[in-house]
Amino acid sequence: INGIAVNSDGTLFLACSFDPDLTGPQPALPTIVQYDPVAQTVLNHNYGNPNLPSGYTLRHIMYHEGKVYVLNTDTSFPYDMEILAFDRNLAFIAAAGSYAGDPDSKITSPMQFFFPIRFVAVLNRRITLMDDDYIGTYHHDRLVQFSNLDGGDWSIYGDYGSGIGFFSFYS
C-alpha cells in the first residue's frame, strides 16, 4: 500500500499494487481499492483499469470534493508524472500532468512536475502538491497549487534550499 485516503463516510481508498494470482513474476498492477473498515470488506476496486498500466507506481492518494486523486508515476524514461482523477465509484474521469522535460530548468508550464510526492487539499481549497526533484543536477523542491486538473490557476512556491521559501524534501 502506497497511500490511504478517507472520504466523509469513513470509507477508505487505498493506492496499491495487486497480483491476483500471487504467483509472480509478472508485475503486480497498480490498483485503487475502496474498503469499508467497519464491515472489513472491499467495496470496489479498479484492478486492470487501462488508465493504470503495469510499471507505474501509485505514489499517493487523496479524496477531495467527491473525487479520488492519485499520483501515478513511472520512474523509467520518459518519466511519466501524472495525476489521475476517479469518481467515488472508481470510474476514470481524467488525467493531467507530465514530466517537466528539462530537469535542469526551474521553469515549467502548468501541470508539469519534476517528481510529485504527496498532496493535500486543506478545508476543500486548492490542491497543494509537494514536487521534489528526482532526476537532474539541480534540486527542485517546491510546492505547487491548483484547483483542478486543467491547471488554469497553477502557482508555484519555493525552491530547494534553506530559509524562508526554501525546502529540502527527503534530503
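A contact here means heavy atoms within 4.5 Å of each other. The exercises below apply to a predicted model.

**Exercise 1. Describe the overall make-up of the protein chain: how many helices and strands does it have, and what percentage of the contacts with a separation of 6 or more comes from residues 24 or more positions apart?**

Step 1. The secondary structure of the protein chain consists of 16 strands and zero helices.

Step 2. Among the contacts with a separation of 6 or more, 39% are between residues 24 or more positions apart.

Step 3. Of the 171 residues in the protein chain, 44% are buried, while the chain exposes about 8,800 Å², with carbon and sulfur atoms supplying 55% of that area.

**Exercise 2. Find the salt bridges of the structure, and work out which parts of the chain the pair of Asp 9 and Arg 88 ties together.**

Step 1. Side chains of opposite charge can pair when their charged atoms come close. The cut-off needed here is 4 Å, between a side-chain nitrogen of Lys or Arg and a carboxyl oxygen of Asp or Glu, and the structure holds two such salt bridges.

Step 2. One of them joins the side chains of Asp 9 and Arg 88, with an N to O distance of 3.2 Å. Because Asp 9 sits in the loop between β1 (3-6) and β2 (12-18) and Arg 88 in the loop between β7 (81-87) and β8 (92-96), this pair ties together parts that are 79 residues apart in sequence.

Step 3. Asp 9 has 51% relative accessibility and therefore counts as exposed, whereas Arg 88, at 30%, is partly exposed.

Step 4. Asp 153 and Arg 126 form a salt bridge whose closest N and O atoms are 3.5 Å apart. This pair, too, links distant parts of the chain, since Asp 153 belongs to the loop between β13 (142-146) and β14 (155-157) and Arg 126 to the loop between β11 (116-120) and β12 (127-131), 27 residues apart. Both partners are partly exposed, Asp 153 at 30% relative accessibility and Arg 126 at 27%.

**Exercise 3. Classify the ring pairs Phe 13 with Tyr 63 and Phe 146 with Trp 154: which geometry do they have, and are their residues buried or exposed?**

Step 1. The structure holds three aromatic pairs, and planes under 30 degrees apart count as stacked.

Step 2. The ring centres of Phe 13 and Tyr 63 are 5.5 Å apart with planes at 5 degrees, so this pair is stacked. It links strand β2, where Phe 13 lies, with strand β5 (residues 57-64), where Tyr 63 lies, across 50 residues. Phe 13 is buried at 0% relative accessibility, and Tyr 63 is likewise buried at 19%.

Step 3. For Phe 146 and Trp 154 the ring centres are 6.2 Å apart and the planes stand at 15 degrees, so this pair is stacked. Phe 146 is buried, with a relative accessible area of 1%, and Trp 154 is buried at 14%.

Conventions
Residues numbered from 1 in each chain as written. Predicted model: local features only at pLDDT ≥ 70, side-chain atom pairs only at ≥ 80, totals over all residues. Heavy atoms only, no water. Helix = DSSP H or I, 4+ residues; strand = E, 2+ residues; numbered from the N terminus. Buried < 20%, exposed > 50% of the residue type's maximum accessible area, 1.4 Å probe, protein only. Phe/Tyr/Trp six-rings, centres within 6.5 Å; stacked < 30°, edge-to-face > 60°. Areas by Shrake-Rupley, 256 points an atom, 1.4 Å probe, with all protein chains shown as cover.
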